[in-house]
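Reader: I have a structure to read and some terms to sort out. Can we go through them together?

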Amino acid sequence: MEGLEWEDASGELSDEEIYLEDDDDNEDLLNLSGHSKKLQFRRDASKAIWNEDMGMAEVIEKKGKMWITVGIVRGGKTYCSIEETIFLAEVGALHLMDTNNVQFSLQRMYEKISEEKNGCGWELFEVYRHLKSLGYIVGRHGVPWTMKGLKGENNSSASQTNLDNNHNAVEGGSKDVCSITELLGSLQIGGMKPVFDVYLPNSKFRKYSPGQPNFLLCLIRDNMPPSRVKIEALESLCDGIPVKCCHVEHGRVSFFTMKKAELPVLP
Amino acid sequence: MAPRWKGRTAEAKALADPISKIVSDLQSSLLQSEAHASLSGSSALLPVEPQHAEILTRACFGRPIITADKVNQWFQLSLEEAFYLSHHLGCLKITHHQGTTCSIAELWQYMKSKIANFPHYYKAYSHLRTKNWVVRPGSQYGVDFVAYRHHPSLVHSEYAVIVLSEGGSSSDDGVDGRLMVWSDLYCTIRLCGSVAKTLLVLTVNKNGHGTVSPTTLDGYSVEERSIRRWSAEQNREDQVAAANGTK
């Protein structure tokens, strides 16, 4: 082969570096000045009441179309998680009241999330906010958007029974409260488990038929990147749905895919 | 990431000239010329007659040492390369500086004395080489190896490789020290991205073996994982790729 000059005399490989535009410094500047996102503050705010037992806010008045992709439906009512609540409150789209009809200040909401009682702490909220601001649809993993009209693979008589059971469960509100609290609480903040189901921005999203998430999300809170063993354990919880890991540091949310590679045997 | 071939004809040239054949030709060539390399520090110095030099370069083993020697062309092999040629391909004899040929066991001990965790690096190196990937040192990029689909003159390297270990009977898991903190992962991925390579983590599992010898190296296993950054901003539209989990 002619011209096999792949190393010059000093032994340096000539693989060029691609200098990508360094917009990270600009981003930092924007973060400092608080103009990094174009938030649209709404004029008509929805209204919700915080339910301490459930760890969720019950929506009393809905304004705007965001409710198509926010909040879970139980017994005809909509409830939002703490991350959904704070997200909407931050942009002025939701007024949160307590049981004495006193409005929650943002401060009080931030205090609530720092308690980390309802399966979501500050970092996970930052992840939620990051994705929601970009238009993704984000739900808690393992918490169905709605119980009504769940499409199953049962035959008609069995599904009718299921619907009846759901109906009863839904009407018996306290049963549902318990199950939700269980679900929310079981999302331990530590340990590598999928915490969010994430869907790409989609105007056709419907809670009664959300379809399979585009990916599941796991927040890593360890001080070090996950070992192979931990990643495999996480994947086994995901039923074949792609999973991404994310890490939050100083307000920066970073996502990683850590998939098995299996390089081909070359000819 | 698709392979970045250098020029329009590169891919065809690579297909016409498979690495497996080149390496097998190298094996014959070195055997025929009774090649000997001598250990020197963490390298093995190999003189070859000019007619055999080309195949060594085509197979991407070693680095040429430019000398005025008219009889031989000199190459400098890394310890992994030397051991691979000597033990795996069986086509190279390796000698001490005094000139006596080393046994495989002696060679193994020597290399372990020069490179801590040599068995892991060698296992990772041979894992990729036996799949016919071209494996070169990665220190320029702050990683252990870089892996090319074919000769570097034809293609850019796709993978920047870091070797990690686990599953040892002693307490030296992860003692290699890489990717033990987040800042290292961020740094390594950023560097890989700036040179258009994907970070490939090869985890060498000792499977309970303690001290291992070249013959029991088969007891180690290698798991490959690629780690990539994913940008939420850039991937909103890309429904198909996201659904396939390819991004």
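Author: Gladly. Keep in mind that this is a predicted model.

Reader: What makes H6(B) mostly covered?

Author: Buried means under 20% relative accessible area. In H6(B), 12 of its 12 residues are buried, so the helix counts as mostly covered. Among them are B:Phe118, B:Tyr122 and B:Leu128.

Reader: How far does helix H6 of chain B reach from its first C-alpha to its last, and what span is expected?

Author: Helix H6 (residues 118–129) has 12 residues and reaches 16 Å. The expected span at 1.5 Å a residue is 16 Å, and the helix is close to that.

Reader: What covers the buried residues of H3(B)?

Author: The cover includes helix H2 (19–32), strand E2 (43–48) and strand E4 (73–78) of chain B. The buried residues of H3(B) include B:Ile55 and B:Leu56.

Reader: Which residues have the most contacts inside the largest nonpolar core?

Author: They are B:Leu46, B:Phe61, B:Leu85, B:Val161 and B:Leu185, in a core of 85 residues. Contact means heavy atoms within 4.5 Å. By that cut-off B:Leu46 touches residues including B:Leu56, B:Trp74 and B:Phe75.

Reader: Why do E6 of chain A and E6 of chain B stand at the edges of the sheet?

Author: The open sheet has 10 strands, with E6(A) at one end of the order and E6(B) at the other. Each has a single partner strand, so one side of each is left without a neighbour in the sheet.

Reader: How do you know that E9 and E10 of chain B pair?

Author: Pairing takes at least two bridges. Seven bridges join E9(B) to E10(B), so the two strands pair, and they run antiparallel. B:Leu200 stands opposite B:Ser226 in E10(B).

Definitions and conventions. Residues numbered from 1 in each chain as written. Chains lettered and ligands numbered in written order. Predicted model: local features only at pLDDT ≥ 70, side-chain atom pairs only at ≥ 80, totals over all residues. Heavy atoms only, no water. Helix = DSSP H or I, 4+ residues; strand = E, 2+ residues; numbered from the N terminus. Expected span 1.5 Å × (residues − 1). Buried < 20%, exposed > 50% of the residue type's maximum accessible area, 1.4 Å probe, protein only. Core = buried A, V, L, I, M, F, W, Y, C linked by side-chain atoms within 4.5 Å. Lists of a residue's contacts leave out its neighbours within four places in sequence.
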